[in-house]
Amino acid sequence: MAKTEPGRFFEDFRFGETLVHATPRTVSEADAALYLALTGTRFAVNSADPFAQSLGLKRAPLDDVLAFNIVFGKTVPDVSVNAVANLGYAAGIFGVPLFSGDTVTARSEVIGLRENSNRQTGTVYVRSRGVNQRGETLIDYVRWVMVRKRDSAADAPAPSVPKLPEAVAPADLVVPAGLDLARYDRVLAGSRHGWSDFAVGDRIDHVDGMTIEEAEHAMATRLYQNTAKVHFNRHSESKGRFGKRLIYGGHIISLARALSFNGLGNALRIAALNGGRHVAPCFAGDTIYAWTGVLAKAEIAGRGDVGALRLRTVAAKDHPCADFPDKDGDAYHAAVVLDLDYWVLMPR
Amino acid sequence: MAKTEPGRFFEDFRFGETLVHATPRTVSEADAALYLALTGTRFAVNSADPFAQSLGLKRAPLDDVLAFNIVFGKTVPDVSVNAVANLGYAAGIFGVPLFSGDTVTARSEVIGLRENSNRQTGTVYVRSRGVNQRGETLIDYVRWVMVRKRDSAADAPAPSVPKLPEAVAPADLVVPAGLDLARYDRVLAGSRHGWSDFAVGDRIDHVDGMTIEEAEHAMATRLYQNTAKVHFNRHSESKGRFGKRLIYGGHIISLARALSFNGLGNALRIAALNGGRHVAPCFAGDTIYAWTGVLAKAEIAGRGDVGALRLRTVAAKDHPCADFPDKDGDAYHAAVVLDLDYWVLMPR
Amino acid sequence: MAKTEPGRFFEDFRFGETLVHATPRTVSEADAALYLALTGTRFAVNSADPFAQSLGLKRAPLDDVLAFNIVFGKTVPDVSVNAVANLGYAAGIFGVPLFSGDTVTARSEVIGLRENSNRQTGTVYVRSRGVNQRGETLIDYVRWVMVRKRDSAADAPAPSVPKLPEAVAPADLVVPAGLDLARYDRVLAGSRHGWSDFAVGDRIDHVDGMTIEEAEHAMATRLYQNTAKVHFNRHSESKGRFGKRLIYGGHIISLARALSFNGLGNALRIAALNGGRHVAPCFAGDTIYAWTGVLAKAEIAGRGDVGALRLRTVAAKDHPCADFPDKDGDAYHAAVVLDLDYWVLMPR
């Protein structure tokens, strides 16, 4: 009996099945420190316990993208280890924050399957949910990936594609229990601009750039126990599609979010992931820049202290974003690597 | 009076003396997180407190190879800073697990000395023991190293070579106090295969490969406070034997153990180190692969929940292990870098 | 309204104003572990809680240079993000040690301003103070930087240059509350030499060298939330002054201090920073060596257990320090990169 796990191929997925992902993980302040060392993030709520406590939280929560990447990592061995491409995200809701000492586990439900016409691959849609040790939802999101078939002649299931919302509705956004921004200190937070200062259509160039080293993205991705081979194996990838290791897309999201501090320093919480596309691959040596557009504003019912902004953050490589590189129809500017649509919470 | 420590040369060692090693260290969850970021290890018992607690442990212990490397590192300034080569290991027993908050100290006893015929070097045998703050043994093992003489004309002690066992006897393996695998969850652990599923002679290709960057091995080796110059100093090593920095052999053991998860995911504890050989040097840019052979199986007296497997894990560089690269007599396949013989504990 | 922070230019500073720096940070054992992984430091007091407790401290404090770098990092966005050069340090006093769990905040007072004759730049003198969550001073120091003007025609304030001491007076050195070296264990500390063993004029070659990788200095500098662009952005720096990223000078101080363990292993506490000059820039791939001269010795009033040494540590790159590379008048040996003047505490 073979002892190694080859991972699922397209024909191994069954519509409606639940995949229980392995390797529960207890997170600690070390995850926060490593994440900081790898991204340079500066959001005060994730950096200092007293700041977080002044907002009603028990201590500084881990960065939201870090939490996302840990949950995502758990799904890889069961969902995407044989994937050709990560195609998209939708309907992502951030529930309770992730705190040091919490233990993360994750499950995914197969909510859609569609073989591609070439019969070599198919698209798998999963709804993945990461929970803490109390079973509270940390993150619940849909992603779809193109997965290879083991055998192109194998039968495919009846095609099924889930209906996905264009964006999470403001009424579905979760404000963490106890959060109260009455005492939010914008000086300590490092940014003057709150929810009221932003208007739909605003565009913010985040100015700074961050270069990625091979050791950095590999450390980040291993920290998430993400096992996708393309990120780690120079020997095999040197003969692969790009001739070198590919950077995990979630690390680009981490950097874009960290860069967005300069301009969005009070965007203290990612509340939802409406959609996202890894437009082009990134490699060690690339320098990531980013800009953000404000897509929508929403009040939070019954709350005068906090509002929601729907943002679109675009990351580009080796290209400063003062000219807001964008897409034109379906075609993106050649430098764009990430197009992310999400909701944040911000003091009003 | 010179203030810097040159380290011991061969003629400085005395048979029977005890070396008390410097720099006690209190370990934390940060060691676990850094180790994860540097190796990608996925053993559930080391990853999640609730998983470890379901097995009767107080919380997730640090990885066994991490514990070994921390103890090893302490011995370097006193034993091997002037070593030419690390020749072997034997009789290594893992006692109590190492937990976050524990403080590690180490001592070594000189148990053998033999000058080489060229009078330039000699072999030093030490039994090193790492203990926690309660004096409980974490790891107790023998290693032997070839150490330079300061002065080739210096007198050598009478030759003395210890008798070392070929392997640790199963009766000497330590099952951590309180460990009870009745509730061991193989789904969360990420592997279906327990002790009963393995047979002597089985060979497992661990499939995955992990490339090592200069920053990664140096960070790991500094974390262990290992001071061997060959790992850190590009300037001097560029004029040295290999023209570049050499990767600490213990980091290769770490990677081989982490890779072995794919196939041996339930090998939750290293119980003994029977022997080990660093067959060839590794350098930044190398990609490590590994395979494992099952050498023996042993029951643990009075235990129906846990058994021991004696394993031989062979690591190779830039060579996938589907063909199980091995040795032929005394000669190894050119790609092999590590040949490690050890006992693990596994749920039956 | 532009949302991104451009940082202050020379004409934006006002004499006497106080800058409240952003991003408070709660430090943890992870900072200690990362710092260890990035520097290889071996001072026992920072490495093991029981060792620190045997000296009357509540647990192992974080490394003093780590504390300095965290405070320094906070000042960058407000003081030096538009700086051309970091010119000097003076009058730095280390107060209470920084412990895991503490939260660091920082403020700076503008104590001097002087436009340069070319009117393109000016020198800004600030006194920066980092405090813990109880408002106790961790570090209080002066630095001066050359900052660009936004507009060379802009009016400059009346020139004002503070009077700075050549060195901190021994009477102003702070011995941490409760520190008692009666039980200091030199074997565990790894060095035999105490305060009594050193004489003014002694010179110590620290022997070892440490090579810096791009990922390493960038991780260290991000951990300090230092936002100076020159350390992180290969894309822009490839067109800049050096054609590549510049290593943060504080990382060189970290490495020089870590290297100084070999010879100064009992220098358990940095008590003051008298002055410092980053003589030449460092880049990834450089190997740092260091030597130290003893400038002065001072008794601590009423204390028989601890004394102070005034040290000058000189770091050089790609040049072992057996020949003590130094300065000749105003000109430094070509290999020198750092000249640091500071007080340490040491058991007598």
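How are helix 1 of chain A and helix 8 of chain A oriented to each other? In this predicted model, the two helices cross at an angle of about 80° with their axes 10 Å apart, and because angles of 65 to 115 degrees count as roughly perpendicular, helix 1 of chain A and helix 8 of chain A are roughly perpendicular to each other.

- In chain A, the pair consists of helix 1, spanning residues 29–39, and helix 8, spanning residues 249–259; from helix 1, Y35(A), L38(A) and T39(A) meet H251(A), S254(A), L255(A) and A258(A) of helix 8.
- The residues of this contact between helix 1 of chain A and helix 8 of chain A divide into four nonpolar and three polar, with no charged residue among them.
- In chain C, the axes of helix 1 (residues 29–39) and helix 8 (residues 249–259) come within 10 Å and cross at roughly 80°, so that helix 1 of chain C and helix 8 of chain C are likewise roughly perpendicular to each other.
- The contact in chain C brings Y35(C), L38(C) and T39(C) of helix 1 against H251(C), S254(C), L255(C) and A258(C) of helix 8, and its residues divide into four nonpolar, three polar and no charged.

**Relations between the chains**

- Chain A is superposed on chain C, with an RMSD of 0.0 Å, by a rotation of 120° that carries 0.0 Å of shift along its axis, and that is the relation of a three-fold axis.
- Of the residues of chain A, A30(A) comes closest to this rotation axis, its C-alpha lying at 2.7 Å.
- The copies use different surfaces in this pairing, since 8% of the contact residues of chain A recur in chain C.
- Chain B, too, can be laid on chain C with an RMSD of 0.0 Å, by a turn of 120° and a shift of 0.0 Å along the axis; in chain B, the C-alpha nearest the axis is that of A30(B), 2.7 Å from it.
- For chain B and chain C, the copies again use different surfaces, with 12% of the contact residues of chain B recurring in chain C.

**The contact of chain A with chain C**

- This contact takes 48 residues from chain A and 33 residues from chain C, and the two chains bury about 3,200 Å² between them, 59% of it on carbon and sulfur atoms.
- On the side of chain A, the residues A37(A), R42(A) and L188(A) supply 17% of the area buried against chain C, which is more than any other three residues.
- Five salt bridges are counted between chain A and chain C; the side chains of E213(A) and R245(C) meet in a salt bridge with an N to O distance of 2.9 Å.

**The contact of chain B with chain C**

- Here 33 residues come from chain B and 48 residues from chain C, and the area buried between the two chains is about 3,200 Å², of which carbon and sulfur atoms give 59%.
- In chain B, the residues that lose the most area to chain C are K3(B), R222(B) and H235(B), which together account for 22% of what that side buries.
- The count between chain B and chain C is five salt bridges, and the side chains of D208(C) and K229(B) meet in a salt bridge at 2.6 Å, N to O.

**Salt bridges over the model**

- Over all chains, the count comes to 66 salt bridges.
- Within chain B, D64(B) forms a salt bridge with R269(B), their closest N and O atoms being 2.6 Å apart.
- This pair links distant parts of the chain, with D64(B) in helix 4 (residues 64–79) of chain B and R269(B) in strand 9 (residues 269–278) of chain B, 205 residues apart.

Technical notes. Residues numbered from 1 in each chain as written. Chains lettered and ligands numbered in written order. Predicted model: local features only at pLDDT ≥ 70, side-chain atom pairs only at ≥ 80, totals over all residues. Heavy atoms only, no water. Axes fitted to C-alpha atoms, helices over the stretch in contact; angles between N-to-C directions. Helix = DSSP H or I, 4+ residues; strand = E, 2+ residues; numbered from the N terminus. Parallel < 35°, antiparallel > 145°, perpendicular 65-115°, else oblique. Contact = heavy atoms within 4.5 Å. Nonpolar A, V, L, I, M, F, W, Y, C, P; charged D, E, K, R; others polar. Least-squares fit on C-alpha atoms with pLDDT ≥ 70 in both. Buried area = accessible area lost by both parts, 1.4 Å probe. Salt bridge = Lys/Arg side-chain N within 4 Å of Asp/Glu carboxyl O.
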